[in-house]
Amino acid sequence: MISVEESVRTVSRAEDTTTYYTGDGPADGPTWVYIHGWGCRRTDFAPAAAFLPTGDRAIPVDLPGHGDSTSARTDWTTAEFTQDAAAVLDAESVARCVAVGHSMGGAVALESGSHHFPFEKPAGTAEVLVAARRTA
């Protein structure tokens, strides 16, 4: 069983940004990165991550301004959150992953996939659907 609190780690970026995340599972296993929505945190994915097979790797992320992550920046855009996710995956040497995004995290996952990472669909899946609701 995968645990989202197995190993708490951090990565730093400009403007005193520290992103907390956890990692569980083998580094060479299929990787799932979990990106939460506004007002949420990495531990919200614990029930879903618990269903991953033992050989898979889970990396839930606390975006800055949420959970344990902090930042002094003034730019709170999807592009900045995408860079935060990129910093985590770079720190973990992730070359390919399945992105799971909730709400705003869905937008971050889409931006990440189109600009930074070759996200892949889970085995046995015909298509990948990212559901995100954006309000004006």
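Leaving aside its neighbours within four places in sequence, which residues is Ser-69 in contact with? Point 5 takes this up.

1. **The model.** This is a predicted model: local features need pLDDT of at least 70, side-chain atom pairs count only at pLDDT 80 or more, and totals for chains, interfaces and linings use all residues. Residues are numbered from 1 along each chain as its sequence is written, and side-chain values use heavy atoms, with hydrogens and water left out.

2. **Overall make-up.** The protein has 3 helices and 5 strands. Here helices (H or I, at least four residues) and strands (E, at least two) are DSSP runs, numbered from the N terminus. Along the sequence the pattern reads β-β-β-α-β-α-β-α. Of the 136 residues, 42% count as buried. Buried means under 20% relative accessible area, exposed means over 50%, and partly exposed lies in between (1.4 Å probe, protein chains only). The accessible surface comes to about 7000 Å², and 52% of it belongs to carbon and sulfur atoms. Such areas come from the Shrake-Rupley method with a 1.4 Å probe; for residues, only the protein chains shown count as cover.

3. The 5 strands form an open sheet in the order 1-2-4-3-5, with mixed pairing. Its edge strands are strand 1 (8–13) and strand 5 (98–101), each pairing on one side only. From one strand to the next, the twist averages 25 degrees. Two strands pair if DSSP finds at least two bridges between them. Strand 3 and strand 5 run parallel and are joined by 4 bridges. Val-33 has Ala-99 in strand 5 as its bridge partner.

4. **Strand 4.** How many residues of strand 4 are buried? The count is 6 of its 6 residues, 57–62. Arg-57, Ile-59 and Val-61 are buried on one side, and Ala-58, Pro-60 and Asp-62 are buried on the other. Strand 2 (residues 17–22) runs antiparallel to strand 4, with 2 bridges between them. Tyr-21 has Val-61 as its bridge partner there. Strand 3 (residues 31–35) pairs with strand 4 in the parallel sense, over 5 bridges. Opposite Pro-60 stands Tyr-34.

5. **Ser-69.** Ser-69 sits in the loop between strand 4 and helix 2 (78–91). Why does Ser-69 count as buried? Its relative accessibility is 4%, so Ser-69 counts as buried. Beyond its neighbours within four places in sequence, Ser-69 is in contact with Thr-18, Thr-19, Tyr-20, Asp-62, Leu-63 and Pro-64. Contact means heavy atoms within 4.5 Å. A polar atom of the Ser-69 side chain lies 2.7 Å from the backbone nitrogen of Tyr-20.

6. **Helix 2.** Helix 2 packs on the sheet and touches strand 1, strand 2, strand 3 and strand 4. Its direction makes about 125 degrees with that of strand 1. Axes are lines fitted to C-alpha atoms, for helices over the stretch in contact, and angles run from 0 to 180 degrees between N-to-C directions. Helix 2 has 14 residues and reaches 20 Å from its first C-alpha to its last, close to the 20 Å expected at 1.5 Å a residue. Its buried residues include Phe-81, Ala-85, Val-88 and Leu-89. Ser-93 follows helix 2 and has a positive phi, near 55 degrees.

7. **Contacts along the chain.** Take the contacts between residues at least 6 apart in sequence. Of these, 69% join residues at least 24 apart.

Technical notes. Polar contact = N/O pair within 3.5 Å; in protein donor to acceptor, adjacent residues only side chain to side chain. Expected span 1.5 Å × (residues − 1).
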